[in-house]
Amino acid sequence: MSLEIGAPVEFALPNKVISGHLYKKGTRRNRAQVIDASNKIWRIPEHFLKVKPGPNRNTIVTPVDLERSKYRVGDLVSFSLHGDLFSGKILKLNPVRAIVILKSGDKWTVPYHTLNLVTSSKTPRPSADRLNEISSQARNLMDSHGLHDWNLRFDESKRFLGKCNYRDKTIHLSRSHALDGKDSEIRDTILHEIAHAIAGPKARHGPKWKTIAKQIGAKPRASFKPDA
Ligand SMILES: [Zn+2]
């Protein structure tokens, strides 16, 4: 079965059939991930998935992407658990949960949707819409350079700003870069990765990639930070 990221798929549960799009391929160890119309992510062994006819969904901003983008390290937050209200400070923004440290020193791992913002840290804060804005900007740039069948995803990397995954035909953008970076830097990162996608895996940052980068308006240099 040839299963592409973004492809329409369905799978059967005992009582119903779920339709969605492939969000992440499965591996021998890990289940595939399917995102449904309400943006819920299901983890299912890949061989249970059936490809359906229909258009791919190549750009995905998950609800967790948006929830997480409201918070910054240092924010004071509250959350309730078993009827008690807790408050503390955000220590770390993990992919699906924040680490919150209470006055007592206890650390809790808390899903973003259960947090309430009490006081913001001083760090400037973009709105959650920023992520949608950047995703449509990236999508438009990708489409205008012929990458219609390439996917766009945000991820947690601190190590790189952008990444080009040829196997999954996916351009990854670092979510923290997207939220905190300057417009011009983000645009350059997107174009940089588009140039990689067009140039192919062997080109790396060599002459072929440089020529394409210049043509499409990216700075023809490796990166602000190393990328893959
Ligand atoms: Zn690069």
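**Before you start.** You are looking at a predicted model, in which local features need pLDDT of at least 70 and side-chain atom pairs count only at pLDDT 80 or more, while totals for chains, interfaces and linings use all residues. Residues are numbered from 1 along each chain as its sequence is written.

**The whole protein.** Show the C-alpha trace first: these atoms fill a box of roughly 60 × 50 × 30 Å along the principal axes. Switch to cartoon and you have five helices and 13 strands, where helices (H or I, at least four residues) and strands (E, at least two) are DSSP runs numbered from the N terminus.

**The domains.** Now colour 8-51 as domain 1, 70-119 as domain 2 and 129-216 as domain 3; these bounds come from an automatic or database domain assignment. Between the centres of domain 2 and domain 3, taken over C-alpha atoms, there are 32 Å.

**The five-stranded sheet.** Select strands S6 to S10. They make an open sheet in the order S9-S8-S7-S6-S10, with antiparallel pairing; two strands pair if DSSP finds at least two bridges between them. Which strands stand at the edges? They are S9 (107-111) and S10 (116-119), each with a single partner strand, so one side of each has no neighbour in the sheet. Zoom in on S6 (residues 76-81) and S7 (residues 84-93), which pair in the antiparallel sense over six bridges. Here Leu81 stands opposite Asp84 in S7.

**The largest nonpolar core.** Next, select Ala138, Met142, Ile171, Ala178, Ile194, Ala195 and Ala197, the residues with the most contacts inside the largest nonpolar core, which has 24 residues. Such a core is a set of buried Ala, Val, Leu, Ile, Met, Phe, Trp, Tyr and Cys residues joined through C-beta atoms within 7 Å. Buried means that 20 or more other C-beta atoms lie within 10 Å of the residue's own, with C-beta atoms placed from the backbone. The largest share, seven residues, comes from H4.

**Ala197 and its contacts.** Centre on Ala197. Leaving aside neighbours within four places in sequence, Ala197 is in contact with Leu147, Trp150, Cys164 and Ile171; contact means C-beta atoms, placed from the backbone, within 7 Å.

**Last stop.** Across the protein, 28% of the 228 residues count as buried.

Key
Buried ≥ 20, exposed ≤ 12 C-beta atoms within 10 Å, placed from the backbone. Contact = placed C-beta atoms within 7 Å.
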